[in-house]
Amino acid sequence: MTMLSFRVDEAEAEEAQRWADRLGVDRSELLRVALRRHLQRLASEMEARIWEDHPLDEGERSLAEIADWGPAEDWSDWLDPTG
């Protein structure tokens with residue numbers, strides 16, 4: 001693991017500590033999770049932009065029809081344990 005160091009407003013540091021205390025985690029863990037989630041969100045937003053800029057071609061869209069077929073067998077009778 002690599003250590004990061006950065007400055008934040010005192011009020012934000014206090015709020016981060018309150019949340020860490022409330023959640024029962026170290027402040028470092030709270031910030032690691034927050035950073036990971038934010039980076040994932042940024043990556044997903046970038047991926048969405050790429051999809052918008054480069055939509056699927058006709059051949060790729062034809063595969064969506066296969067995905068919409070649903071299950072090959074009827075397993076609904078498994079839902080009723082008395083059945």
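Glutamate 29 is partly exposed in this predicted model, with a relative accessible area of 29%, where buried means under 20% relative accessible area, exposed over 50% and partly exposed in between (1.4 Å probe, protein chains only). The side chain of glutamate 29 meets that of arginine 32 in a salt bridge with an N to O distance of 2.7 Å, a salt bridge being a side-chain nitrogen of Lys or Arg within 4 Å of a carboxyl oxygen of Asp or Glu. Arginine 32 is likewise partly exposed, at a relative accessible area of 34%. Because arginine 32 and glutamate 29 are three residues apart in helix H2, about one helical turn separates them; helices (H or I, at least four residues) and strands (E, at least two) are DSSP runs, numbered from the N terminus.

The search of the whole structure returns two salt bridges. Glutamate 45 counts as partly exposed at 30% relative accessibility, and arginine 41 is partly exposed with a relative accessible area of 45%. In general, side chains of opposite charge can pair when their charged atoms come close.

Residues are numbered from 1 along each chain as its sequence is written. As the model is predicted, local features need pLDDT of at least 70 and side-chain atom pairs count only at pLDDT 80 or more, whereas totals for chains, interfaces and linings use all residues; side-chain values use heavy atoms, with hydrogens and water left out.

The protein chain contains three helices and zero strands, and its elements run α-α-α from the N terminus on. The average pLDDT (the predictor's confidence in each residue, from 0 to 100) is 89 for the protein chain, with 89% of the residues scoring at least 70. Confidence is highest in helix H1 (residues 10-23), at a mean of 98, and lowest in helix H3 (residues 58-67), at 80.

Of the 83 residues of the protein chain, 4% count as buried. The chain exposes about 8300 Å², of which carbon and sulfur atoms supply 55%; accessible areas come from the Shrake-Rupley method with a 1.4 Å probe, and for residues only the protein chains shown count as cover. A nonpolar surface patch of about 650 Å² is made by Leu4, Phe6, Val8, Leu31, Leu35, Leu39 and Leu42. Such patches are made of residues with over 30% relative accessible area and no salt bridge, like charges being joined within 9 Å and nonpolar side chains (Val, Leu, Ile, Met, Phe, Trp, Tyr) within 5 Å.

The charged end of arginine 22 sits over the ring of tryptophan 19, at 4.4 Å from its centre, the criterion being NZ of Lys or CZ of Arg within 6 Å of the ring centre and within 35 degrees of the ring normal. Glutamine 17, found in helix H1, is partly exposed with a relative accessible area of 29%, and its C-alpha lies 9.4 Å from that of serine 28, eleven residues apart in sequence.
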